Each structure stands twice: as structure tokens, then as C-alpha cells.
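Please have the sequence and the 3D view open as you go.

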Amino acid sequence: MLLQRFGQTTRPFHRIKPTPQTSIRHRSYLAPPFLLDTYTPRYQLLTSVEAAKKRSQAYAHLRKCNLCPRLCGVNRFERRGTCLIGQDVTVNTIAPHFGEEPSIQGWNGSGSVFFSGCNLRCVFCQNHDIAHQKNGFDLTPEELAEWFIKLQDVGSVHNINLVTPEHVVPQVVLSILHAKELGLRLPIIYNTSSFDSLASIELLDGLVDIYLPDFKVWNPETSKRLLKADDYATVAMESIKAMHAQVGDLCFTPDGLAQRGVLLRHLVMPGHEEEGKHIVRWLAENVSKDLFVHIMEQYHPRAHVGKPRRSTTGRAQDIADGIIKPGARPAGPDAEKKVRYADINRPVDLKEVASVRQAAESAGLWRFVDASEHGGFNL
Ligand code: SF4
């Protein structure tokens with residue numbers, strides 16, 4: 001019953017194999033290992049020496065930023081790299097958010113901070129207006145920490161949810177440490193595309209309670225074309241393993257709120273369900289069969305998808321838009337009538353979603369975010 005409240009599928013308890021001693025009793029059961037009596041956020045447990053080391057590492061990374069796989073090497077006090085963001089963060093929205101998984105948003109909402117800028121350039125990005133350009137207000141790490149406290153004290157949210165933070169990790173580290181001194185008591189969620197470096201995840205160790213990584217696509221050709229990063233899957237695999245090594249599988253307190261662990265999201269893309277199957281199989285074999293997974297069906301064409309093609313009919317543009325394969329001849333005059341990324345210019349089919357879910361179950365995954373069957377909270 002408890003696990004149903006958490007939106008999980010069956011396999012509620014771990015049965016103990018009878019031994020000569022136990023076999024004379026009725027069957028024994030253990031409570032699920034994913035239940036915590038209480039929870040103290042990890043940053044509360046850092047010593048002052050550990051906190052000071054994190055601070056100095058954060059400033060060092062800002063002075064020579066190679067903290068994400070773009071490896072710009074810029075001094076962010078003077079210049080901006082691919083992510084467009086300098087020494088301060090640019091924030092578009094700070095508010096209690098009710099669009100997350102039930103165990104994350106709870107009943108008061110997740111205290112979400114939507115950062116502007118991004119180190120990926122997904123052509124279908126749902127937040128492209130804030131991700132692909134600088135769009136918001138600038139905050140120092142100390143000012144950001146004060147907003148965490150407002151979310152806690154005024155918003156009564158259940159956690160601090162850092163959305164698209166891969167490019168502002170040093171500032172996030174400084175803000176969490178400052179917020180701790182101001183009285184923050186909430187778990188920290190790192191809500192990421194997974195295009196993170198290992199140095200970045202290491203810097204976050206001891207500060208983040210819940211990692212909320214996406215695993216978007218599997219093939220390098222797909223990530224090069226749709227995310228503008230051909231090494232995406234390789235980077236994501238390494239960073240997700242590092243996240244899981246830090247915090248393990250998702251755990252809850254008895255009120256149904258997630259407190260610590262990894263909750264992995266995969267947005268099924270139209271026509272790319274085979275990549276989704278590769279991803280869920282890899283997760284089961286290389287991360288954990290107890291991984292909490294959200295297989296998402298809400299893909300809709302956004303950003304550059306479905307927009308009229310640019311006026312050029314050149315071969316390079318045709319290849320970039322996926323109209324022709326590399327090496328093929330330029331598209332004909334009809335190409336001008338076509339839209340960009342036409343192959344993903346449709347919602348995902350529910351059969352495609354179901355096939356990825358089936359592959360996940362066959363691989364041994366069993367903890368999924370499912371719609372509530374009773375019409376209420378699915379905690
Ligand atoms: S975080 Fe920004 S500046 Fe730093 S390496 Fe990545 S894209 Fe470049």
C-alpha cells in the first residue's frame with residue numbers, strides 16, 4: 001500500500017529466503033529499503049573545513065571555466081562562454097512549482113529556480129526562450145541564497161529545485177553554502193540535462209540531495225543534430241553513474257516526499273523509441289534496477305521544430321536539418337516548402353511510449369512514476 005502511494009508498481013516487499021531457523025515461522029518480510037524515518041539534507045552535515053574547500057574550488061572554476069563538457073576555459077569574471085552566463089546567475093523564474101513528479105512537488109510545490117542560459121542547444125527545447133538566450137534578472141550567489149530562504153519561509157515549499165543549472169554550478173555551490181548559514185533546511189534538487197562534467201558532479205557532492213537527470217537520446221548522430229552535442233550520451237552515462245554513486249536510489253519519508261536519491265527522466269521522442277529502449281536497458285544494467293524512472297510522453301514540437309526552412313537550399317543546411325544524409329545531393333526546389341526537423345514535428349505516439357516502458361520492465365526496472373489510479377495525490 002505504501003509503495004502504491006509513491007506511484008510505484010508492484011513488488012512491494014523483499015521476501016527473506018527461508019532458512020532452517022526462519023522456516024518454522026510464518027514468512028518474514030522486510031520493509032522497503034527506500035523509506036527514511038527522517039531526513040537531514042547533506043549540506044547540513046558538511047564540516048566548516050569541507051565547506052571552505054568547496055568555496056575555494058567554486059571560485060577557481062569561475063576563474064577558468066571548464067566545468068561543463070564545452071570546456072570554454074574562460075574567466076567568467078571577464079568573459080562569457082557558450083552558456084552566455086558570467087560570474088552571476090541569470091534567473092528567469094523563482095516560484096513554487098506544481099509541474100513536477102508528485103513526490104517532488106508534494107502539496108505546497110517544489111521551490112523552483114529556472115536559470116537562463118544552457119550548455120545544450122536542443123532544437124525542440126520547451127524553454128528555448130530562456131535557455132537559448134539570456135532572459136531574466138541577474139543575481140549574485142548571496143542574493144540567490146536569500147531567495148532559497150524566501151521559498152522555504154514564505155512559500156513553504158518542500159525542496160529547492162535548481163532547473164537547468166549545469167552552467168552555473170560554481171554559483172549554485174556558493175549559494176547553497178550561504179543559504180545554510182541563513183537557515184536553509186530543505187533538500188536540494190539538481191534538475192539537469194545530464195550534460196555535466198565529472199568535475200562538476202564532484203563539486204556538488206555533499207550539497208545535492210536529489211539528482212533529477214534527463215537521459216535524452218542515445219545515438220551520437222541524433223544528439224549532434226538535435227542537441228548540438230555529439231558526445232551527449234557518453235557524457236550523460238558518466239555523469240548519471242557519478243550522481244547515483246553519491247546518493248543512490250530514490251528514498252522517501254513517510255509523508256511520501258522524495259528526500260534523497262536519483263529520479264531519472266526520459267522524454268520519449270517521436271520516431272526515436274529505439275534510442276529510448278537502449279537508454280532504459282543501459283540504466284538497468286549499469287546504474288541500478290531499483291532506479292526510479294519517469295518515462296515521459298509529453299513531447300510536443302517546440303523551438304526550431306516545424307518552423308519554415310531558412311531560404312538557403314544549400315547542402316550543408318539540408319544535412320543540418322536532416323532533409324538529406326551527408327554525401328547526398330542537395331535537396332531540390334521542393335525543399336524550400338519543407339519545415340525544419342520535419343521528422344520530429346509531431347507529438348509522440350503512445351505506442352512508442354509503451355514500447356519503451358515495456359523494454360524498461362523487461363530489463364528489470366520496476367520503480368516508475370505512474371499516473372495516480374485513484375484520482376488524488378500519487379505520493
Ligand atoms: S559552464 Fe559555460 S563557460 Fe563554463 S565551460 Fe560550460 S559553457 Fe563554457
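This is a predicted model: local features need pLDDT of at least 70, side-chain atom pairs count only at pLDDT 80 or more; totals for chains, interfaces and linings use all residues.

Residues are numbered from 1 along each chain as its sequence is written.

**Overall picture**
- The protein has a mean pLDDT of 86, with 82% of its residues at 70 or more.
- There are 12 helices and 12 strands, taken as DSSP runs (helices H or I, at least four residues; strands E, at least two) and numbered from the N terminus.
- Of the 379 residues, 44% count as buried, meaning that 20 or more other C-beta atoms, placed from the backbone, lie within 10 Å of the residue's own.
- Among contacts between residues at least 6 apart in sequence, 72% join residues at least 24 apart.

**The annotated cysteines**
- An unreviewed UniProt entry lists Cys118, Cys122 and Cys125 under "binding site"; UniProt positions follow the numbering used here, feature names are shortened, and annotations may be inferred rather than shown by experiment.
- Cys118 is found in the loop between strand 4 (110-115) and helix 4 (128-131), and Cys122 also has its place between strand 4 and helix 4.
- Cys118 is buried because 25 other C-beta atoms lie within 10 Å, and its contacts beyond four places in sequence are Cys83, Ala131, Thr164 and His167.
- Cys122 counts as buried because it has 26 C-beta neighbours inside 10 Å; beyond four places in sequence, Cys122 touches Leu226 and Leu227.

**Around the ligand**
- The ligand has 13 residues around it, of which Cys65, Cys68, Cys72, Gly81 and Cys83 come nearest; a residue is included if its C-beta atom, placed from the backbone, lies within 6 Å.
- This shell divides into 7 nonpolar, 5 polar and 1 charged, where Ala, Val, Leu, Ile, Met, Phe, Trp, Tyr, Cys and Pro count as nonpolar, Asp, Glu, Lys and Arg as charged, and the others, Gly among them, as polar.

**The largest nonpolar core**
- Val173, Leu264 and Leu283 touch the most other members of this 95-residue core, a set of buried Ala, Val, Leu, Ile, Met, Phe, Trp, Tyr and Cys residues joined through C-beta atoms within 7 Å.
- Helix 6 (residues 169-182) gives the most to this core, with 7 residues.
- Beyond four places in sequence, Val173 touches Lys54, Ala58, Leu203, Leu204 and Leu207.

Note on methods: A residue is buried if 20 or more other C-beta atoms lie within 10 Å of its own, exposed if 12 or fewer, and partly exposed in between; C-beta atoms are placed from the backbone. Two residues are in contact if their C-beta atoms, placed from the backbone, lie within 7 Å. pLDDT is the predictor's confidence in each residue, from 0 to 100.
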